[in-house]
Amino acid sequence: MPATITLSSLSWSTPDGTPLFDNLNLTIGSKRTGIVGRNGTGKTSLLRLMAGEIRPHSGTVQATGCLGLIRQNILPHPGDTVVDLFNARTALALLASAEAGSTSAEDLIDVDWTLPSRIDAALRKCALSVDPQTPLAALSGGQSTRASLVALIFDQPDFLLLDEPTNNLDHDGRKAVMELVHGWRGGAVIVSHDRELLDQMDNILELTTLGATLYGGNYSAYRALKAEELQVTEQHLSHAAKNLTEVKRRARQAAERKARTNSAGQKARANKDQPKMVMNAAKERAEASGGAGARLREARLKSAIDQHSHARNNIEILQPLHMETPTTQLAKGKVVLQLDHVTGGHNPELPTIRDLSLALTGPERIAITGGNGSGKTTLIKLITGALKPTSGQIDVRASFALLDQNVDLLDPQLSLRENFLLLNPKSCENHCRAALARFLFRAEDALQITESLSGGQRLRAGLACVLARADPPQLLILDEPTNHLDLDAIKALEAALLSYDGALIVVSHDKTFLKNLNLDRKIKLK
């Protein structure tokens, strides 16, 4: 029986009561389906509903076959290694015991002698050269994603459920994931903003505030269909608007004619030009005719309003995203950051950063680039004090703010308002609400629990919290900021960073994003 995922009359709301899905009916077969949509439309939530991690408020989710899920953010347990991704710790321990000659004859039956070589081959297939005993905490975000995907495919599920699988990946990592997905012959549901990956899909599922729509074909075919649909829908809206205007004009003219007729009738009554019986009969005929006409006009007006409303509802009304950045008044000649012969990393015996010297002066903009595992995030941790260098000096001479990949400065259990006031204790309620509103968290949106936000919404909230300080940070450090953003949000972030007058350090694999930031220089780690 082919593997399928079926959603029947499914409804679900976020923990704060925001409805995301209402009476959703959908069947996904054993093809590769990409899920697209703006931040906050429920892409990750839908994936978790399919996986059974969260339960719908009503309706059902039925899946035939085995499902394997990879989330956006992989948080390892302390002590976990790459082997644990494969659930192979026990099997490898049994194998080691057998090789040492300390295994019973009964246990020897269960020994998988080929397991180590198969794990090594799987890792190499994804261009990942790491020892299976490597702690997961020592891997970069990109390495963790690739290792998790390899381990998932290693178990051969019927369906892959992947949430932004190319996030954090360098060129080689993205290429390896593309090849794995391209060669996958089972079912796959993939949430992504990566257009190259989405062009490998067989179907595209679009989530909007109007619901979910499944399109056949890859992302390019979907965009072409959307352009045609939008053109037709805009024509319908234009026609409905013109019709509504015309119906209102006719109703107004009819009302004016009736007013003139009534006025003439009242004058005739006052002058008593005709017998009273004749005038009463004329009045009754006019009232009957006027009543029928009024009912007809009301029916036409209601129909026109309904048609116009329907046409408008078929066009998702999207409020343009705009992020405001305050002035930092950073002087051009001021030394913001000084690194002198810095060496450091998670393993002091094998430091990732070696003898690095760097100076950042004034509102300079630099990008830190390099492959996965080259030490980009490690360098940021050294600069911010999260890691201590084994040698060398680090001097940060300006206020700074860090927005890492997970926006960890926000407490996930608190609301946006509570997080803002916690990070800005001197702010009043009005300042808090105004600052959040500038990043499109208006009114009740400010009361959303941070844990319920999408990755892109969380980044916006983080920016709102750090850029609204009484003394805005003169150094902004961003670690893969575009990972969880839709295309519109990326454009808004680019515009905000272009207007930011402080110093900027950014880590990103997004070449287009870096190109649009007007960088002063790039530092490539090897």
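**Figure 1. Salt bridges in the predicted model.** With a salt bridge taken as a side-chain nitrogen of Lys or Arg within 4 Å of a carboxyl oxygen of Asp or Glu, the count comes to 9 salt bridges. The model is predicted, so local features need pLDDT of at least 70 and side-chain atom pairs count only at pLDDT 80 or more, while totals for chains, interfaces and linings use all residues. Residues are numbered from 1 along each chain as its sequence is written, and side-chain values use heavy atoms, with hydrogens and water left out.

**Figure 2. Close-up of the salt bridge between D202 and R32.** The closest N and O atoms of D202 and R32 are 3.4 Å apart. The pair links distant parts of the chain, 170 residues apart, with D202 in the loop between helix 8 (195–198) and strand 8 (203–208) and R32 in strand 3 (residues 32–36); helices (H or I, at least four residues) and strands (E, at least two) are DSSP runs, numbered from the N terminus. D202 counts as partly exposed at 30% relative accessibility, whereas R32 is buried, with a relative accessible area of 13%; buried means under 20% relative accessible area, exposed over 50%, and partly exposed in between (1.4 Å probe, protein chains only).

**Figure 3. Close-up of the salt bridge between E196 and R174.** The side chains of E196 and R174 meet at 3.4 Å, N to O. This pair also links distant parts of the chain, with E196 in helix 8 and R174 in helix 7 (residues 171–182), 22 residues apart. E196 is partly exposed at 49% relative accessibility, and R174 is likewise partly exposed, at 21%. Together with D194, the residues R174 and E196 are linked in a network of salt bridges.

**Figure 4. Close-up of the salt bridge between K226 and E206.** The side chains of K226 and E206 meet at 3.1 Å, N to O. Because K226 lies in helix 9 (residues 219–271) and E206 in strand 8, the pair ties together parts that are 20 residues apart in sequence. K226 is partly exposed, with a relative accessible area of 22%, while E206 counts as buried at 9%.

Figure 5. Not counting residues up to four places away in sequence, S11 touches F21, D22, N23, P56, H57 and S58, where contact means heavy atoms within 4.5 Å.
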